[in-house]
Amino acid sequence: MPYLATLESIVQDTIAPVALETDQQARFPRAALDALGRAGLLGLISAKDVGGLGLGRPEASKVVERIAQDCPSTAMIVCMHYASTALIEKYGPAETRKAIAVGKHLSTLAWSETGTRSHFWAPVGTAKADGKNYLLDGSKSMVTSALEADSYVWSSQPAQAEGPSTIWLVDSRLPGLSRPQAFDGLGLRGNASAPIRANGVRVPASAMLGRDGGGGDIMNGDTLPLFTLLVASASIGLMEGALQRATAHVTGNRFAESNTTLADLPTVRAYLARARIRADQARALRDDTLAALASGRADAMLRVLEVKASAAEAALEVTDLAMRIGGGAAFRKEAGLERLFRDARAASIMAPTSDVLYDFIGRALCGMPLA
């Protein structure tokens with residue numbers, strides 16, 4: 001597939017060589033995003049009639065998975081961009097769609113709020129009519145690519161209609177938007193994730209994506225399937241990266257007294273086997289979710305709920321095993337395992353969290369409404 005060959009070149013030449021610095025310096029990988037844009041990969045799911053590649057969920061999943069093997073921070077930026085692009089493609093203006101297609105516009109989701117935590121479907125931020133415009137006020141708790149993206153796909157309470165929420169396309173340079181603090185955290189340190197506050201941000205009526213009050217349908221119907229697949233793919237790629245590094249360590253290092261490798265230890269091989277099984281299980285469920293959505297299977301939404309939780313929890317297990325396999329060497333930052341171990345912590349607490357998804361899955365199995 002031509003797009004994968006192009007991607008591989010970018011990963012090898014631009015993303016992987018600076019992954020350590022991206023993490024240590026909490027530096028947004030602008031060079032990587034520029035390279036992906038020039039190659040048309042930021043426009044991967046943009047329609048061909050606006051200049052995009054016209055590809056879909058399977059291809060987007062593969063892109064995110066491959067990037068995450070070497071730099072999960074960059075993978076998460078691309079994940080959020082694709083999730084936003086899907087909505088802009090369906091509801092947004094042609095000008096923005098064309099800019100995304102040619103790699104000149106980066107977008108991201110801005111949904112989780114300080115007031116409702118991981119319950120992103122229930123925003124407390126408001127949108128008030130002001131003549132022909134609307135004024136947005138709210139506090140987003142964590143936005144990937146904060147101040148780096150060109151636009152935010154923003155959620156608020158409905159302006160006038162009934163419904164759980166309304167979705168907006170917001171220019172990130174508008175007056176009234178601010179980042180109260182930078183992010184200096186455990187993992188995914190290079191994706192510029194930070195809170196964003198809106199204080200009387202004026203947007204035109206045309207910025208509304210879909211109908212007023214229709215945010216619930218957009219979140220669940222348009223965004224959730226792609227988002228959970230992409231976050232799962234990031235976890236799968238991260239696991240693959242950890243396994244590659246752990247395997248290289250145990251096959252390439254020897255005991256001086258016996259000249260045997262670490263891989264000659266049965267316990268080490270067993271740890272590798274357990275990690276491989278968990279990673280492969282997560283990938284199999286991801287691929288089955290793609291198949292279920294493509295064919296319209298009756299269990300498609302159940303798979304959508306399962307796939308992120310499965311991959312996120314598997315990544316916790318696999319990276320823990322990789323650290324045990326690597327021993328003291330795994331704690332050295334240059335080895336890469338310690339970084340992947342930290343980055344793996346994010347997916348399970350990223351909304352919808354694993355615990356929320358477990359509740360949703362249980363409700364679905366009991367024939368109850370999700371919320």
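Helix 7 gives the most to the lining of the largest cavity, with four residues. This is a predicted model, where local features need pLDDT of at least 70 and side-chain atom pairs count only at pLDDT 80 or more, while totals for chains, interfaces and linings use all residues. Residues are numbered from 1 along each chain as its sequence is written, and side-chain values use heavy atoms, with hydrogens and water left out.

**The cavity**

- Rolling a probe the size of a water molecule over the atoms shows where empty space is left.
- A cavity here is a set of points, on a 1 Å grid over the protein atoms alone, where a 1.4 Å probe fits but cannot get out, and lining residues have an atom within 4 Å of a point.
- The count comes to one cavity of 30 Å³ or more.
- The largest cavity has a volume of about 110 Å³, where volume is the space filled by probe spheres set on the points, and grid points are joined across faces, edges and corners.
- Its lining is made of 14 residues, and M76, A234, S235, L238 and D343 lie nearest the centre.
- Helix 5 (72-91), helix 7 (215-252) and helix 11 (345-349) each supply at least two residues of this lining; helices (H or I, at least four residues) and strands (E, at least two) are DSSP runs, numbered from the N terminus.
- By class, the lining has 12 nonpolar, one polar and one charged residues (Ala, Val, Leu, Ile, Met, Phe, Trp, Tyr, Cys and Pro count as nonpolar, Asp, Glu, Lys and Arg as charged, and the others, Gly among them, as polar).

**Aromatic pairs**

- Rings of Phe, Tyr and Trp (its six-membered ring) pair if their centres lie within 6.5 Å; planes under 30 degrees apart count as stacked, over 60 as edge-to-face and the rest as tilted.
- The count comes to five aromatic pairs.
- One of them is the tilted pair of W121 and F360, with 5.5 Å centre to centre and 50° between the planes.
- W121 lies in the loop between strand 1 (107-110) and strand 2 (126-130) and F360 in helix 12 (residues 354-365), so this pair ties together parts that are 239 residues apart in sequence.
- W121 is partly exposed, with a relative accessible area of 24%, whereas F360 is buried at 10% (buried means under 20% relative accessible area, exposed over 50%, partly exposed in between, with a 1.4 Å probe and protein chains only).
- Y134 and W168 form another tilted pair, 5.1 Å centre to centre with 55° between the planes.
- Y134 belongs to strand 3 (residues 133-143) and W168 to strand 5 (residues 166-171), so the pair ties together parts that are 34 residues apart in sequence.
- Y134 counts as buried at 12% relative accessibility, and W168 is buried at 0%.
- Ring pairs also link W111, F120, W121 and F360 into a cluster.

**Charges over rings**

- The charged end of K140 sits over the ring of W154, 5.0 Å from its centre (NZ of Lys or CZ of Arg must be within 6 Å of the ring centre and within 35 degrees of the ring normal).
- R345 lies over the face of F341, at 3.9 Å from the ring centre.

**Two loop residues**

- S193 is found in the loop between strand 6 (177-178) and strand 7 (194-204), and S193 is buried, with a relative accessible area of 9%.
- Leaving aside neighbours within four places in sequence, S193 is in contact (heavy atoms within 4.5 Å) with M142, V143, T144, S145 and F183.
- F255 sits in the loop between helix 7 and helix 8 (266-295) and is partly exposed, with a relative accessible area of 29%.

Conventions: 1 Å grid on protein atoms, 1.4 Å probe; cavity = no way out; pocket = protein on both sides within 12 Å on 5 of 7 lines; lining within 4 Å.
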